[in-house]
Structure formats: structure tokens, C-alpha cells
Amino acid sequence: MRVGLISLIERAGDDPETPLAVLALAGHTLAERQLELLIGLGCERVICLSGSVGRDLIALQHRAEAHGARFNLIAGPRQMSGLVNSADELIVVADGLLPATAEAKATLASGTGVVVLPVEPGIAAGFERIDLNHAWAGLLGMPGALVERINQLPPDCDTISALLRIALQGRVPERSLPEAVLAERRWALITSREMLAQLEPDWFRRHIAPPSLWAPGRAAARLGMRKWGGTLLAKGWKPSFLAAAGIALAGLGVVSAWFEHAVAGIILCGLGWISGQAGAALAMLARAGSDREEGGRRSLALAAILIDLAFVAVLALALHGTRAERLFPPLVLLGALRIASAYIPAKWAEIAQDRAALALLLAIAAAAGVLLPAIQLLVLLLIAALLGFSRESGQITRA
């Protein structure tokens with residue numbers, strides 16, 4: 001059985017009252033990210049080293065138990081006896097480690113090992129030197145049989161440091177971590193609240209796809225989440241909340257169009273789509289640094305479909321004629337936009353997917369009284385684009 005060890009002992013250098021492990025990045029504490037790593041490595045028991053019990057510790061216990069792992073709290077090294085058997089494997093995570101889950105799992109996939117970094121970049125990043133060529137990366141897996149040696153040490157010894165020395169003396173093999181994780185700042189040893197704050201901007205830029213000038217609405221959503229996404233996650237917001245807000249805004253757009261405020265209805269649909277895109281950006285941020293599936297994917301996909309249907313309803317209410325005559329143009333437009341997005345080059349697909357830009361264009365057309373000609377012109381342009389790009393790529397062949 002694999003057993004994991006997390007420590008809440010070390011304190012932030014600039015906030016002595018706060019354990020390093022409870023500092024949060026993008027709405028998740030370091031302890032939560034370390035716990036996710038241990039669960040991903042298959043740990044069935046998680047041991048937490050802490051001198052006190054608080055709200056963060058209880059939340060960590062609930063999270064571990066929700067994943068089916070047993071959770072044990074200890075105050076010192078001697079209490080590990082009985083929790084780690086000789087047949088077990090102990091995974092140790094250093095205080096303040098911000099891990100990259102995928103790389104950690106790959107490094108320890110073949111068994112126990114002391115995870116190391118090249119000495120010069122490792123020491124520069126704050127990691128401890130363990131020999132001439134290597135620094136400890138803050139993660140190790142060791143046989144449970146070696147853990148018993150900690151009972152030979154003073155009861156007030158540094159548990160994590162002692163286990164590292166025992167693993168090295170027990171000739172546990174060294175396993176190198178790719179140096180790129182340091183250069184990209186995806187693997188770091190956090191020592192203070194200020195250090196984590198300095199890391200956040202690069203972290204957000206790296207994990208939220210860069211905004212495109214070809215899609216101004218999506219760019220606005222992503223820039224907004226780069227600035228406020230961490231705050232929203234810290235307050236418990238989920239991507240599905242923004243998706244629901246987008247659906248609500250689009251619904252208000254339909255109500256506005258029903259009461260003959262077509263321009264307001266179209267704009268509300270565009271704002272609803274931006275909200276849905278903000279939810280997608282928040283989902284990228286929520287899964288940053290882990291290898292779990294992006295949360296809220298189903299709700300975000302549903303929101304995109306419902307907002308498109310709201311666009312159809314608003315445009316149909318803004319046009320004149322029989323029901324079929326009013327429904328046909330917007331159905332063809334939104335259908336052509338979805339089809340074109342899959343078959344035209346990426347930068348043009350970005351424009352086709354941006355419902356905020358579409359809403360702005362159609363709102364102007366509606367205000368000028370030329371909504372139907374604008375829709376018809378857009379459909380013709382989409383058909384021309386599909387035919388033109390299909391010929392270039394050889395997708396159209398003779399029967």
C-alpha cells in the first residue's frame with residue numbers, strides 16, 4: 001500500500017502565524033495540491049504532520065476521505081509507527097512544495113526514489129543540496145521498512161528532513177525530474193506569501209490560453225479571468241456558475257426581444273456568451289498544475305448550445321414574417337457558424353466562434369433596420385469561406 005505524508009509544520013517566512021501548506025494559489029492551497037498528487041500516485045492513506053487542528057486541516061481530511069483515502073493526523077515522527085508497515089511505500093512531500101502532478105507521477109511511476117533536480121538550478125530555486133550533482137526536489141518515495149529507523153532519532157527531529165536522510169542512507173535510487181519544470185515555474189518550493197504572489201501572474205498566463213485578437217469577446221473573457229480568476233476560485237466559484245450566469249443573460253435577451261427590444265436582446269446574448277467563455281477560462285485555471293479532467297466541461301458545453309439557441313430566438317423575434325420565415329435565417333446563420341468553425345483555418349475559426357463580435361455586428365444592423373440583409377450577407381460569406389478553404393485543402397472531390 002502507498003502511504004502519503006504531508007506537513008503543515010513550516011510557517012510562511014513573511015507570516016509566522018500561517019503554515020506554508022495553507023497558502024493558496026488559484027483557489028487551491030498547497031496542501032490541497034499536494035494531496036491531489038498523493039491521490040494521483042495511488043496513496044490509500046494520507047498522514048498529515050501538524051501541531052494543531054484547524055479549519056484547513058479538517059477541510060483537507062474531508063477532501064482525502066472523499067477520494068477514499070484514510071486520513072491520520074500526527075504531531076511528531078514517533079507516531080508514524082503503526083501507520084506505515086514494512087510492506088508499504090511512503091511518499092513524502094516537503095513543506096511548501098508546489099508540484100506538477102503529471103511530471104511527479106511519471107518520475108515515480110517505476111517505483112520508489114528520491115526525486116532530484118540538477119544542483120545549480122535546484123539550489124537557485126531554493127531546494128536543498130543532497131550531493132555533488134543534485135538537489136532534492138521536495139518529493140520522495142521510500143520503502144516502508146526504512147521508516148522504522150526514524151524511531152532511533154530524537155523525538156523532536158525534523159520529520160521530513162529525517163526521512164530524506166534515511167532514504168539516502170538506505171540507498172533509495174535517485175530519480176531526475178525534468179529541469180524544464182523549474183524553468184517554466186511549474187515546480188517550486190514556496191517559502192513565503194510574497195513568493196507565491198509573485199508566482200501567480202506567470203501561473204495564470206501559462207494556464208489560461210492566450211487571448212486572440214481575432215476573437216475580441218473570448219480575449220476579454222480570458223483577460224478577465226487572468227486578473228480575477230484566482231479571487232473567484234478562492235471564494236468557491238466554479239466554472240458552472242459562470243456558465244449558468246451566461247444562460248441567464250441569454251434568457252434575459254430572449255425576454256427583451258419578446259418585448260420588442262431586439263438590440264438589447266442581442267447584446268445580452270453576447271454578454272451571456274462572454275460569461276460562458278469566462279467559465280471555460282476559469283476551468284483551465286481550476287485544473288492548473290494537475291492532470292485531472294477539466295471540471296464543468298458538460299455544463300460549459302450545454303451553456304454554449306443554449307446561448308446559441310437564445311441567439312436564434314432573439315433574432316427570430318426581431319425579424320418579420322411568418323414563424324418559419326423568421327426562424328430560417330438565424331438557424332442557417334448559427335448552423336453555418338458552427339460548421340465553418342470546424343473546417344476553416346484557426347484564425348478565421350476564432351472569428352466565427354466569437355458570438356460577442358457577432359452580437360455587436362447584429363446589434364448595429366438591428367439598430368439600423370437592416371438585420372435580415374446582415375444575416376443573409378454573413379451566411380453567404382460563410383458559404384464562400386467553406387467552399388474556398390475546402391478547395392484549397394482538397395476536401396471537395398469529383399463524384
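1. A quick definition before anything else: a residue counts as buried here when its relative accessible area is under 20%. By that cut-off strand E1 is mostly covered, with six of its six residues buried. Keep in mind that this is a predicted model.

2. Which residues of E1 sit on which side?

3. E1 belongs to an open sheet of seven strands, in the order E7-E6-E1-E8-E11-E10-E12, with mixed pairing. The edges are strand E7 (70-74) and strand E12 (174-176), each of which pairs on one side only. On average, neighbouring strands in this sheet are turned by 25 degrees against each other, ignoring direction.

4. Now the pairing around E1. With E6 the sense is parallel, over six bridges, and arginine 2 stands opposite cysteine 43 in E6. With E8 the sense is again parallel, over four bridges, and here glycine 4 stands opposite isoleucine 91 in E8.

5. Where does the antiparallel part come in? Strand E8 (residues 89-93) and strand E11 (residues 134-143) pair in the antiparallel sense over five bridges. Valine 92 is the residue standing opposite leucine 140 in E11.

6. Two helices to look at against the sheet. Helix H1 (residues 30-40) lies across strand E1 (2-7), strand E6 (43-49), E8 and E11, and runs at about 170 degrees to E1. Helix H2 (residues 55-66) packs on the sheet too, touching E6 and E7, with its direction at about 150 degrees to that of E7.

7. On the nonpolar side, the largest core has 62 residues, and the ones with the most contacts inside it are Leu5, Leu90, Val114, Leu139, Met142, Leu163 and Trp187. Apart from that core lies another, of 32 residues, including Ala359, Leu371, Ile375 and Leu378. Tryptophan 187 is worth a click: leaving aside neighbours within four places in sequence, its contacts include Leu97, Leu98, Pro99, Phe127, Leu139, Leu177 and Val181.

8. Helix H8 (residues 193-207) has 15 residues and reaches 21 Å from its first C-alpha to its last, close to the 21 Å expected at 1.5 Å a residue. There is a kink of about 30 degrees at glutamate 200, shortly before proline 201. Leu196, Leu199, Trp203, Phe204 and His207 are buried in this helix. What do they pack against? The buried residues of H8 pack against strand E4 (24-25), H1, strand E9 (97-98), helix H9 (216-234) and helix H11 (262-286).

9. Helix H12 (residues 297-318) has 22 residues and spans 32 Å from first C-alpha to last, close to the 32 Å expected at 1.5 Å a residue. Its buried residues include Leu300, Ile307, Phe311, Val314 and Leu315, and also Asp308.

10. Last, two backbone angles to check. Arginine 171 has phi near 60 degrees, a positive value in a residue other than glycine; arginine 171 is in the loop between helix H6 (159-169) and E12 and is exposed, with a relative accessible area of 73%. Arginine 185 also has a positive phi, about 60 degrees, although it is not a glycine. Arginine 185 is in the loop between helix H7 (180-183) and strand E13 (188-189), and is partly exposed at 31% relative accessible area.

How values were computed: Residues are numbered from 1 along each chain as its sequence is written. This is a predicted model: local features need pLDDT of at least 70, side-chain atom pairs count only at pLDDT 80 or more; totals for chains, interfaces and linings use all residues. Side-chain values use heavy atoms; hydrogens and water are left out. A nonpolar core is a set of buried Ala, Val, Leu, Ile, Met, Phe, Trp, Tyr and Cys residues joined through side-chain atoms within 4.5 Å. Buried means under 20% relative accessible area, exposed over 50%, partly exposed in between (1.4 Å probe, protein chains only). Contact means heavy atoms within 4.5 Å. Two strands pair if DSSP finds at least two bridges between them. Axes are lines fitted to C-alpha atoms, for helices over the stretch in contact, and angles run from 0 to 180 degrees between N-to-C directions. The expected span of a helix is 1.5 Å times one less than its number of residues. The bend at a residue is the angle between axes fitted to the seven residues ending there and the seven starting there.
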